[in-house]
Amino acid sequence: FQTNDSVDVSKINKDFLNMEDELSGQLQKDGVDKKDALFTRFGDLRYAGQGYELGVSFPLGEITEATMHNVWEEFHKAHELEFGHCFRDSKIELVNIKLSAVGTTEKIQEPTYPEGTQSSLSTCKSLFRVNGNMESFEATIYDRWSIPVDTPLDGPAIICQKDTTTLVPPGCTFTNFANGCIEIDTSSLCGVEAEEDT
């Protein structure tokens with residue numbers, strides 16, 4: 001806690017450096033080097049006697065008397081912008097200072113999966129509701145991770161994996177992609193409702 005008529009810039013510099021060291025250590029634990037981090041400084045300021053503060057940015061680098069003069073001026077401007085007036089003859093209190101850091105990391109790449117080579121496991125008779133009527137279809141059964149990549153396949157199909165089963169209705173097609181996604185094209189469905197019973 002300091003005021004504009006008795007500011008201790010050495011303490012402000014020391015406190016900012018201590019916070020920067022602490023944040024750098026936290027970033028280092030997350031695998032982010034200090035040189036790859038963006039640090040931003042702030043201070044909460046108010047006029048003496050006020051019960052609320054306004055945030056004002058602080059520059060990076062060494063804080064000097066001239067730096068603080070600019071900070072006080074920015075506070076006057078912020079107060080006038082927020083409330084329509086400022087009190088240039090009033091004492092300003094620096095309640096606390098803050099430091100935030102954002103680490104720059106490598107962009108996450110899309111996962112890739114081994115390309116499948118197995119066309120299908122087997123087939124089974126399945127019932128689908130088509131235009132309100134139950135009809136029998138020969139559905140192809142696939143292992144989720146053995147489906148060839150970038151190869152459109154026709155429904156009806158049943159795609160099996162450990163945690164779920166995907167049903168491709170008759171008249172639809174599906175494509176397996178290298179990133180692990182399956183796209184089902186239902187543009188030809190035209191109101192067909194799908195129910196499967198094996």
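The model is predicted: local features need pLDDT of at least 70, side-chain atom pairs count only at pLDDT 80 or more, and totals for chains, interfaces and linings use all residues. Residues are numbered from 1 along each chain as its sequence is written, and side-chain values use heavy atoms, without hydrogens or water.

Start with the sheet. Four strands form an open, antiparallel sheet in the order S1-S4-S2-S3. Strands (E, at least two residues) and helices (H or I, at least four) are DSSP runs, numbered from the N terminus. Two strands pair if DSSP finds at least two bridges between them. S1 (2-3) and S3 are the edge strands, each with a single partner, so one side of each has no neighbour in the sheet. S1 and S4 are joined by two bridges. Thr-3 has Glu-93 in S4 as its bridge partner.

Now the helices. H1 lies across S1, S2, S3 and S4, at about 25 degrees to S4. H2 also touches S1, S2, S3 and S4, and its direction makes about 145 degrees with that of S3. Axes are lines fitted to C-alpha atoms, for helices over the stretch in contact; angles run from 0 to 180 degrees between N-to-C directions.

Next, the cores. A nonpolar core joins buried Ala, Val, Leu, Ile, Met, Phe, Trp, Tyr and Cys residues through side-chain atoms within 4.5 Å. Buried means under 20% relative accessible area (1.4 Å probe, protein chains only). The largest core has 17 residues; Ile-12, Leu-45, Phe-58, Met-68 and Leu-94 touch the most other members. H2 gives the most, four residues.

Notes
Buried < 20%, exposed > 50% of the residue type's maximum accessible area, 1.4 Å probe, protein only. Contact = heavy atoms within 4.5 Å.
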